[in-house]
Amino acid sequence: MVLNAIWVGFILVGFVVALFKLFQGDVQIFTKILTGLFDTAKTGFDISLGLVGVMSLWLGIMKIGERAGLIALFARGIDPLFRRVFPDVPRGHPANGSMVMNFSANMLGLDNAATPLGLKAMKELQEINPDKEVASNPMVMFLVLNTAGVTLIPTSVIAIRQSMAVSQGLTNFNAADIFLPTLICTFISFCAGLFVVARLQRIPLLNLPMAVFFLGFGGLMGGLYLWLSGLPADQMARTIGLIGSLVIISIIALFVAVGALKRINVYEAFVEGAKDGFQVAVTIIPYLIAILVAISVFRTTGGMEFLVSAVGAGVAAIGLPTDWVAALPVGLMRPLSGSGARGLMVDVMTTYGVGSFQGTLACIIQGSTETTFYVLAVYFGSVNINKTRYALGCGLLADLVALVAAVFVAYAFFG
């Protein structure tokens, strides 16, 4: 119901704004909207079609791991933690392994690997869902944690900053100086998503496994920072890329090797799993196109710009600093469109400079928030869930917490 209200609101608000612009003399506004609708519909189809190959690859690899018993082993390893966070998922269920691998891929910034693993987890969660049209508690928790998930290293944002620094003639520019601020913000967002869903589902979080998780993750963040912070930006980017690639290839090699040792027909297992890739990719097409066209109307008509202007005027009226408002469009666009937010981030850095406070804040926001509408549309669409309950509200709340945290952390580090 919430997603339906948002969808209707985007289109109708966009239409009203377009009429207002038409009366002001913008006779091209409806042509722009129509062009945007056609372009985003094609984009949605292209994205879904582009997922076929990646989906087939990862579902094939996961099928090998499943038959080799590694997914079940992985699930047993994280069972003490997941039993607390996902109490409705049976112990040792394959969904546990798929979810933790999805979270791992997201933390490393490996989106191409994370999406198929997440879709597989949703399919497995749907198998134990008593109402096939309504999101179950584990589904809501998984989706909110996915949209608010921790990103250890914002590789693509660092690479874009470094490239733009070179084009703007900056020397000795450390594009990776957003590493720790981004990590702090994304962890705050993750905690917010976890706590609010746990409260709604009445899941107690004061227990030993959760304490070990938070202490262990805090130690990992500190260790990564101490190791990577002293490296030059280009060397850090190469190191990060090596870590991510090595982890993924090692997982593939491990699955294949164990499968071969157990005398499983690895090739047939891969093909069997890969067959599901096309079906899953096709299933999400209508859901993805639906959300993208609504976003297109709202963005093309200038609804986003109007909202930002109103916020800026309100902030100035109460006497608060307004430097951060220039980066606000990135935060507002990020839950709607990853590529749109990336474009706005680049625009802020172009306008104010890569090393400016506004440009730096835009990068922190981009690295610490997620495309919530896209994730919910694709993941729920893949298993034909129509009633998402409070998943969208909790996901957007986590995004809001990340945005607020980004502003405060940016002022603390760079203000």
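Is Asn-207 buried or exposed, and what is its relative accessible area? This model is predicted: local features need pLDDT of at least 70, side-chain atom pairs count only at pLDDT 80 or more, and totals for chains, interfaces and linings use all residues. Residues are numbered from 1 along each chain as its sequence is written, and side-chain values use heavy atoms, with hydrogens and water left out.

**View 1. Asn-207 sits in the loop between α9 (179-200) and α10 (208-228).** Asn-207 is buried, with a relative accessible area of 18%. Buried means under 20% relative accessible area, exposed means over 50%, and partly exposed lies in between (1.4 Å probe, protein chains only). Helices are DSSP runs of H or I with at least four residues, numbered from the N terminus. Look also for Arg-84. Its C-alpha atom is separated from that of Asn-207 by 8.4 Å. Along the chain, Asn-207 and Arg-84 are 123 residues apart.

**View 2. Arg-202 and Arg-389 each have a positive phi of about 55°.** Neither residue is a glycine. Most residues other than glycine have a negative phi. Arg-202 lies in the loop between α9 and α10. Arg-202 counts as exposed, at 77% relative accessibility. Arg-389 lies in the loop between α18 and α19. Arg-389 counts as partly exposed, at 34% relative accessibility.

**View 3. Helix α7 (residues 137-147) is largely enclosed by the rest of the structure.** Why? Of its 11 residues, 10 are buried. Among them are Pro-138, Met-141, Phe-142, Leu-145 and Thr-147. Phe-142 touches Phe-86, Met-99, Asn-102, Phe-103, Gly-118, Ala-121, Met-122, Leu-125 and Tyr-379, not counting residues up to four places away in sequence. Contact means heavy atoms within 4.5 Å.

**View 4. Helix α5 (residues 94-107) packs with α7.** Their axes come within 10 Å and cross at roughly 10°. That makes α5 roughly parallel to α7. Angles under 35 degrees count as roughly parallel, over 145 as roughly antiparallel, 65 to 115 as roughly perpendicular, and the rest as oblique. Axes are lines fitted to C-alpha atoms, for helices over the stretch in contact, and angles run from 0 to 180 degrees between N-to-C directions. From α5, the contact uses Met-99, Asn-102, Phe-103 and Asn-106. From α7 come Phe-142, Leu-145 and Asn-146. By class, the contact of α5 with α7 has 4 nonpolar, 3 polar and no charged residues. Ala, Val, Leu, Ile, Met, Phe, Trp, Tyr, Cys and Pro count as nonpolar, Asp, Glu, Lys and Arg as charged, and the others, Gly among them, as polar.

**View 5. Helix α17 (residues 357-368) packs with helix α19 (residues 391-414).** The angle is about 140°, and the axes are 9 Å apart. That makes α17 oblique to α19. From α17, the contact includes Phe-357, Leu-361 and Ile-364. From α19, it includes Ala-406, Tyr-411 and Phe-414. The contact of α17 with α19 divides into 11 nonpolar, 2 polar and no charged residues.

**View 6. The largest nonpolar core has 114 residues.** A nonpolar core is a set of buried Ala, Val, Leu, Ile, Met, Phe, Trp, Tyr and Cys residues joined through side-chain atoms within 4.5 Å. Those with the most contacts inside this core are Phe-86, Met-122, Met-141, Phe-142, Leu-361 and Phe-380.

Key: Helix = DSSP H or I, 4+ residues; strand = E, 2+ residues; numbered from the N terminus.
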